[in-house]
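The following questions and answers work through a protein model by its geometry. Please inspect the sequence and the coordinates before reading on.

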Amino acid sequence: FFFFLIAVSKFLVTTGRNYDGFQTTSEIVDLTVKGGNLCNNWQNLTKDSFTIGVRGATGGMIGDAVIICGGYDGVNDVDKCYRLTSEKTTLVTHLLFERQYAASIVLNDNILWVTGGWSGAYLASTEYVTSTGTILGPNLPQPLTNHAMIAINKTCSMVIGGISTDYSASTSFNGEQAEDQDRTFFYDHNEGEWITGPSLMQARLNHAAGIITDDVTDEPLVVVTGGRTGGRNYSDGWFYLNSTEILQDGEWVQ
């Protein structure tokens, strides 16, 4: 599944996979609703709010509607983008590339920037998606999937962590291995340039990232939470993470 912020207190959770298989329903949790059990505060949008059941989709809010793109339906990677409301789901456009486990952010309130992902290979391509069509965006510094992405401000975005090869905690290009899921990159939208950012303390993928505000200084801070990591080889196994990191003064701290 994936989730993203609708407003300060509301989160949308949509699609995904559980013991029932690939999911089509979407839900909203409102953190302002009081009660001892948050599950009681969840609201089903519609019985079948998404046309197909997928995992690894991505999306965001463009205008007053949610746009959901890509994913994996159990057989194929998906290139479709849907517009989701509480009443219905409508196919609006197609991605230029089928992709699952991409990451995305909304630019200027009307463009969904979809980056990386997997479709038989790790993808470096990105796309700008609107309600009327899709065009190519700038390539990532490297092929990447299962990464996180945030908008620092209107002119700067950040790509955090992820994985670039088979499902191990290392990357290999032409047989060369390098552990780089701790890497981060800034993108300057004005200059059209990628800038290498500070390395995470812990290499991680399938993690979440966001911006919080320091209650004392009112300073916005980038925070990364959870995810998983592993060894150089698949046989080393995976380790799920409960750690968090905050970016302060250009360095990650636990």
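**Loops, cores and salt bridges**

Q: Between which two strands is the loop that holds D218?
A: This is a predicted model, in which local features need pLDDT of at least 70, side-chain atom pairs count only at pLDDT 80 or more, and totals for chains, interfaces and linings use all residues. Residues are numbered from 1 along each chain as its sequence is written, and side-chain values use heavy atoms, with hydrogens and water left out. Strands are DSSP runs of E with at least two residues, helices are runs of H or I with at least four, and both are numbered from the N terminus. On that basis, the loop with D218 lies between β21 (208-213) and β22.

Q: What is the phi of D218, and is the residue buried or exposed?
A: Phi of D218 is near 60°, a positive value in a residue other than glycine. The classes follow relative accessible area (buried under 20%, exposed over 50%, partly exposed in between; 1.4 Å probe, protein chains only). Because its relative accessible area is 57%, D218 counts as exposed.

Q: Which loop holds N108, and what is the phi of this residue?
A: N108 belongs to the loop between β11 (103-107) and β12 (111-115). At 54% relative accessibility, N108 is exposed. This residue is not a glycine, yet its phi is positive, near 55°.

Q: How many helices and how many strands does the protein chain have?
A: The chain has 254 residues, of which 46% count as buried. Among contacts (heavy atoms within 4.5 Å) between residues at least 6 apart in sequence, 43% join residues at least 24 apart. The secondary structure comes to zero helices and 26 strands.

Q: How many bridges pair β15 with β16, and in which sense?
A: Strands β15 (residues 148-151) and β16 (residues 156-160) form a hairpin with four residues between them. One of the bridges joins A151 to S157. Pairing requires that DSSP find at least two bridges between the strands; here, there are four bridges, in the antiparallel sense.

Q: Which residues does C156 contact, leaving aside its neighbours within four places in sequence?
A: C156 is one of the residues of the largest core. Beyond its sequence neighbours, the contacts of C156 are A151, F186, Y187 and H189.

Q: Which residues form the nonpolar patch on the surface?
A: By the Shrake-Rupley method with a 1.4 Å probe, where only the protein chains shown count as cover for residues, the chain exposes about 13000 Å², and carbon and sulfur atoms supply 49% of it. Patches take residues with over 30% relative accessible area and no salt bridge, joining like charges within 9 Å and nonpolar side chains (Val, Leu, Ile, Met, Phe, Trp, Tyr) within 5 Å. One member, from strand β14 (residues 134-136), is exposed at 52% relative accessible area. Together exposing about 280 Å², the patch residues are L96, F97 and L136.

Q: How far apart are the closest N and O atoms of E127 and R99?
A: The two residues form a salt bridge, defined as a side-chain nitrogen of Lys or Arg within 4 Å of a carboxyl oxygen of Asp or Glu. E127 lies in strand β13 (residues 126-129) and R99 in the loop between β10 (89-94) and β11, 28 residues apart. Relative accessible area is 0% for E127 and 1% for R99, so both are buried. Their closest N and O atoms are separated by 2.8 Å.

Q: What is the N to O distance between R204 and E245?
A: R204 lies in the loop between β20 (193-196) and β21, and E245 in strand β25 (residues 244-248), so the pair ties together parts 41 residues apart in sequence. Both residues are buried. The side chains meet in a salt bridge with an N to O distance of 2.9 Å.

Q: How far apart in space are V54 and Q23, C-alpha to C-alpha?
A: V54 sits in the loop between β6 (42-44) and β7 (58-62) and is buried, because its relative accessibility is 0%. Its contacts beyond four places in sequence include F22, Q23, Y72 and V78. Although V54 and Q23 are 31 residues apart in sequence, their C-alpha atoms are separated by 6.3 Å.

Conventions
A nonpolar core is a set of buried Ala, Val, Leu, Ile, Met, Phe, Trp, Tyr and Cys residues joined through side-chain atoms within 4.5 Å.
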